[in-house]
Amino acid sequence: MPSHDSGRPGEILLVGGGHSHVIVLRELGLRPLAGARLTIVSIAARTPYSGMLPGYVAGHYDFDQVHIDLLRLAAFAGARFVADEVIGIDRGARLAHCRSGRSLPWDLLSINVGSTPRIDLGGTGAAHVVPVKPISGFNQRWLALLQRARLLAAAGSAAAQPLTIAVVGGGAAGVELLLAMQYRLQQEFATLRADPERLRWHLLTRDADILPTHSRTVRQQFRRVLAARGVQLHLAAAVDDAGAGWLQWQGTNGAGRLAADEVVWVTRASGAPWLRDSGLAVDDDGFLCVGETLQVADEAHIFAAGDCASMIDHPREKAGVFAVRMGRPLAGNLRRAVAGGKLIHFRPQRRWLALISTGDRCAVASRGTFLAAGRWVWHWKDWIDRRFMRLFADLPGGSA
Ligand SMILES: Cc1cc2nc3c(=O)[nH]c(=O)nc-3n(C[C@H](O)[C@H](O)[C@H](O)COP(=O)(O)OP(=O)(O)OC[C@H]3O[C@@H](n4cnc5c(N)ncnc54)[C@H](O)[C@@H]3O)c2cc1C
């Protein structure tokens, strides 16, 4: 265990209840760590599993099915759970400062706080869009939108105005979220016998195509789906301002503007500002630079995993699948660091199975040149996702 000038007992502090830390807690619960005190601090006691989030929005899962109970998991791991938001760290004093004013000590620190959507809008533009992260904030806005759509649908022809929803960001998360929202709202309209044509959908991306990190066949498949669902696609459209009920963009074909009742922001992400302010090594996007041991560059006592970490020698896109894969090596290295052992090296896979749902209980699977689509793919994805969630619901020795 790293010694600390104060001589206090070994403190391991996990910051953020992300996909890597839930695996760490499970691992440390299965094989308890001797000689150290474990604390996890996270904003909320329920942490969302991103793979099932679009399914929640589409109405296929309820809130509990897509959230992991950190309180219960922490108890399983013998860890203290603190509900708070870390807003800065003092590396010299080895303290993490929280929004509530409290400070948490650490001898070993591990950071798994995800990413923050980058909203590069001038003036007050950012106040008029709904960022998808933090998910808890997005969920509140989504529930409000759902209610608004229901009222509009229930008003029937007395309120014939359309409801226009724009999603900014053409990556997998943006496309998947739009299709999930559309499916759900159309179901609500159908239930209330309202005309779904009153729902209008726009997807905007600054890139020349949607899903730029996916294969050509995946892109074609989703362009077809979006066209069939009546989604207006705005490619090479860089949104640069938004206000109450509108947004505007600059594009290769000139500037554009559209009226939108809700603008959901799912663009390229960056690291939380406090990571940069901490003086730790960060890349151009503000993500912590980590080596194969998952230690932050030049920091023996600070680890990072998931979206907030960029592996210096193995750059990968931001995806929950990598955050999950980092969990076990991270747990192993925290254990070795406490015991003073040699750390192991982790190399993320180069090719991975991407499973993107189309909202309607169908999904597209791709890996390299392999592509499969349909209802059975959704059932396969559903099986994988439920199996993952059971890891935290069916804890050995605990009741679900
Ligand atoms: C709609 C949508 C769908 C997606 N679908 C998929 C998918 O199917 N497959 C896939 O691989 N990826 C998917 N992604 C990407 C995926 O969400 C991220 O890559 C993944 O969540 C990263 O996990 P993480 O553990 O790094 O962070 P997160 O999952 O964001 O977890 C971070 C945790 O830390 C907490 N936290 C944050 N800041 C602080 C702080 N300062 N102090 C304390 N706690 C803090 C948060 O409350 C949260 O619990 C999707 C993303 C979105 C938006």
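Let's start in a loop: Arg193 sits between α5 (172–191) and β13 (199–204). Helices and strands here are DSSP runs, H or I of at least four residues for helices and E of at least two for strands, numbered from the N terminus. This is a predicted model, where local features need pLDDT of at least 70, side-chain atom pairs count only at pLDDT 80 or more, and totals for chains, interfaces and linings use all residues. Residues are numbered from 1 along each chain as its sequence is written, and side-chain values use heavy atoms, with hydrogens and water left out.

Back to Arg193. Its phi is positive, about 55°, although Arg193 is not a glycine. Is Arg193 buried or exposed? Arg193 counts as exposed, because its relative accessibility is 80%. The cut-offs: buried is under 20% relative accessible area, exposed is over 50%, and partly exposed is in between, with a 1.4 Å probe and protein chains only.

Arg361 also has a positive phi, near 60°, and is a residue other than glycine. Arg361 is in the loop between β23 (354–357) and β24. With 31% relative accessibility, Arg361 counts as partly exposed.

One more backbone feature. The peptide bond from Lys133 to Pro134 is cis, with omega near 0°. Pro134 belongs to the loop between β11 (130–131) and α4 (135–154).

Now the whole chain. How many helices and strands does the protein chain have? Nine helices and 25 strands. The radius of gyration is 22 Å, close to the 21 Å of the globule rule for 400 residues, so the chain is as compact as a globular protein of that length. That radius is taken over C-alpha atoms, and the rule is 2.2 Å times the number of residues to the power 0.38. Along the principal axes, the C-alpha trace spans about 70 × 45 × 45 Å.

Of the 400 residues, 53% are buried.

Contacts next. A contact means heavy atoms within 4.5 Å. Take the contacts with a separation of 6 or more: residues 24 or more positions apart account for 64% of them.

On to domains. The protein chain is divided into domain 1 (11–115 + 271–350) and domain 2 (125–268). These bounds come from an automatic or database domain assignment. The centres of the two domains, over C-alpha atoms, are 31 Å apart. In contact across the pair are 13 residues of domain 1 and 14 residues of domain 2.

Leu163 is in strand β12 (residues 163–168). Leu163 has a relative accessible area of 3%, so it is buried. Which residues does Leu163 contact, leaving aside neighbours within four places in sequence? Leu145, Arg148, Ala149, Leu152, Arg198, Leu199, Arg200 and Asp261. Glu262 is 99 residues from Leu163 in sequence, yet 8.4 Å away, C-alpha to C-alpha.

Val364 is in strand β24 (residues 363–367). Val364 is buried, with a relative accessible area of 3%. Not counting residues up to four places away in sequence, its contacts include Gln221, Phe222, Ala354, Leu355 and Ile356. Gln65 is 299 residues from Val364 in sequence and 22 Å from Val364 in space, C-alpha to C-alpha.
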